[in-house]
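Subject: Handover of a structure and notes on its contents

Dear colleague,

Please find below the structure that I am handing over to you. My notes on what was found in it follow directly after.

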Amino acid sequence: MFYFQIESIFLFISYYLSGIFMCDVEMNLTRVLLNPILYDKSVRPARTHTDVTNISFDLSLAQLIDVDEKNQIITTNQWLTMTWLDPKLTWNPSEWDNVSLLHIKYDKVWLPDIVLYNNADNLASLSQISTNVMVSFDGTITWLSTGIFRSSCAVDVRYFPFDEQNCSLKFASWTYDSARIDLSQKTNIGDLSNFMANSEWEIVKLHVKKNVVTYSCCPESFPDLTYIVQMRRRPLFYVFNMILPCFLITTVAFLGFCVPSDSGEKVSIGVTTLLSMTVFLMLVTDSMPPNSESLPLIGIYYFSAIIIVSIATAMSVASLNLYHYGKTYRHPVPKWTARLFFIIIPKLLFMNIELPMNWQDRRNSLLQCMSSTKFPLKPKTKKKQIKTFNKATMNKHEYTNKATVTHNGKMTLYEDPIEREPTTATTSLTYSDNFQPFEFLSSPPLILRSYTSFQTSTNSTTKQKQKYPEKETFNNLTESTNKSTNNLIQSADYIHRLVEQNERRYEQQEHNSAIEHEWQILSRVVDRLLVFVFLISNILVFYIIFRQAPHLRLK
């Protein structure tokens, strides 16, 4: 047991001393290699000043953080790997206890001044993390660094949100020309094995290209490695938050043609839609760069939708004018317009409309010509039958003694004020006055005059009868009988003329109502036609505009 404890203590001491010795070896080796007399970190590593330092450069894209279309800047997280040969940092591992690799702080050795040429961050040096460099025994130095880079990118928003962008990352030395430093890439394709997926963008490809460029500052040429990030946008967010709402709002605006014209809301729906479309257009323009070379597809679609809704609003105003045209102007619908909008178009739009009486027979005859099926004609309405019956009755009992003249200062048959001023009578007695039958017996002036004259004649006859009671009895009786009969005939004739006048006024009202009804039917057919026209035009505009996108997809 005692010997076992001594052996354990001996092994522990040996391991401890070997660790100290190994640390001393790396420390001593680092001190020897970085001796200020032999090594200067500000001098380019080369055996002679004519030798070119070859630097192998590799980029691994870790994350696409942001794409700012308005400012045209992309933010990425990159892992950089640079490898070069430093002949002054070599040693023989057998002489240093087989130490073949050293980790040295990055600011102790020479580093190439390779920077991102299209950098757009004024604090780029603070965002880059540099770790230790790895120095191999043969002088190969590997420098691993990482950082968040903000670089400028020419964003082409022509096919937004179905666009594909190509952003370049240009790395090159800022001071060393091609005669002193040469850049080379390990592979022609960038490393995407460590890439973190982005919810908005999909990295299609990362490829690299080497260029040798001569700038205006210096006659020498400078090599560079340009990494092109080919990324494609995922448009699902924009489709459901910008495109579909615009399409639905435009469709709702077209439904304004289905709103009744008497509601007063047809034009307000179109104006409200225009305001909402303007708000959506402002959202798009706020996120897009002020580019005059090309317009985004979604902007073109919004502008086209605004034009369509504006035209639809103007058509709503025209439809309202058609609806109220018959109330202002008593002109019937032209025959060709009525034939087109009362017979042909309703058949194509599957509309069932209540045609005016004079167009029902034409439609039935036209439908009989178009098909072999016979459609029975509609019978006359009850009101029309009553009207015809009344006119026939009046014509049957028309009197022939319209030229009878009354004596003793009585007015003639055609001295009625209503007959002398037909326009005033027609306009004063309307259908809405609730004119009751036989109400005129107590009011017309002709009857009152006839009755007054009859009373006067009766009183005079009574006085004469008192003076000449026997002589004038028979004559007065005959005269009074004739006058009474004449007054009754005049009253009956006045009643007949008043009924005819009321009938003419009623027919005029029916005629005006029929004209108004025709224009209202025309307005409804035009509204239904405009619904289909603008709906189809909206779908066609939507398809034609977004069909131009080369990558039309949702994910």
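Glutamate 164 has a relative accessibility of 24%, so it counts as partly exposed. Please bear in mind that the model is a predicted one. The side chain of glutamate 164 meets that of arginine 232 in a salt bridge, with 2.9 Å from N to O. This pair joins distant parts of the chain, since glutamate 164 belongs to strand 7 (residues 164-173) and arginine 232 to strand 10 (residues 221-233), 68 residues apart.

Further salt bridges

In total, the structure holds 7 salt bridges.

Aspartate 177, at 6%, counts as buried.

A salt bridge is also found between the side chains of aspartate 493 and arginine 497, at 3.2 Å from N to O. Both residues sit in helix 13 (residues 473-546), and because they are 4 residues apart, about one helical turn separates them. Aspartate 493 and arginine 497 are both buried.

Finally, a network of salt bridges links Glu69, Asp163, Glu200 and Arg233.

Two packed helices are described by the angle between their axes and the distance between the axes.

Helix 3 (residues 236-254) and helix 4 have axes that come within 9 Å and cross at roughly 165 degrees. The two helices are therefore roughly antiparallel to each other, and their crossing is left-handed. On the side of helix 3, the residues involved are Asn241, Met242, Pro245, Cys246, Ile249, Thr250, Val252 and Ala253, which meet Ile269, Thr273, Ser276, Met277, Phe280 and Val284 in helix 4. By class, this contact of helix 3 with helix 4 has 10 nonpolar, 4 polar and no charged residues.

Helix 4 (residues 266-287) also packs with helix 5 (residues 297-323), at an angle of about 170 degrees and with the axes 9 Å apart. Helix 4 and helix 5 are therefore roughly antiparallel to each other. Helix 4 contributes to the contact with residues including Lys266, Val267, Leu274, Phe280 and Leu281, while helix 5 contributes Ile298, Tyr302, Ile306, Val309 and Leu320 among others. In the contact of helix 4 with helix 5 there are 14 nonpolar, 7 polar and 1 charged residues.

How are helix 3 and helix 5 oriented, roughly parallel or roughly antiparallel to each other? Their axes are 10 Å apart and the packing angle is about 10 degrees. An angle under 35 degrees counts as roughly parallel, and helix 3 and helix 5 are therefore roughly parallel to each other. From helix 3, Met242, Ile243, Cys246, Phe247, Thr250, Ala253 and Phe254 make the contact, and from helix 5, Ile298, Tyr301, Tyr302, Ala305, Ile308, Val309 and Ala312. The contact of helix 3 with helix 5 has 13 nonpolar, 1 polar and no charged residues.

With kind regards

Terms used: Residues numbered from 1 in each chain as written. Predicted model: local features only at pLDDT ≥ 70, side-chain atom pairs only at ≥ 80, totals over all residues. Heavy atoms only, no water. Axes fitted to C-alpha atoms, helices over the stretch in contact; angles between N-to-C directions. Parallel < 35°, antiparallel > 145°, perpendicular 65-115°, else oblique. Contact = heavy atoms within 4.5 Å. Nonpolar A, V, L, I, M, F, W, Y, C, P; charged D, E, K, R; others polar. Salt bridge = Lys/Arg side-chain N within 4 Å of Asp/Glu carboxyl O. Buried < 20%, exposed > 50% of the residue type's maximum accessible area, 1.4 Å probe, protein only. Left-handed = near helix turned anticlockwise from the far one by under 90°.
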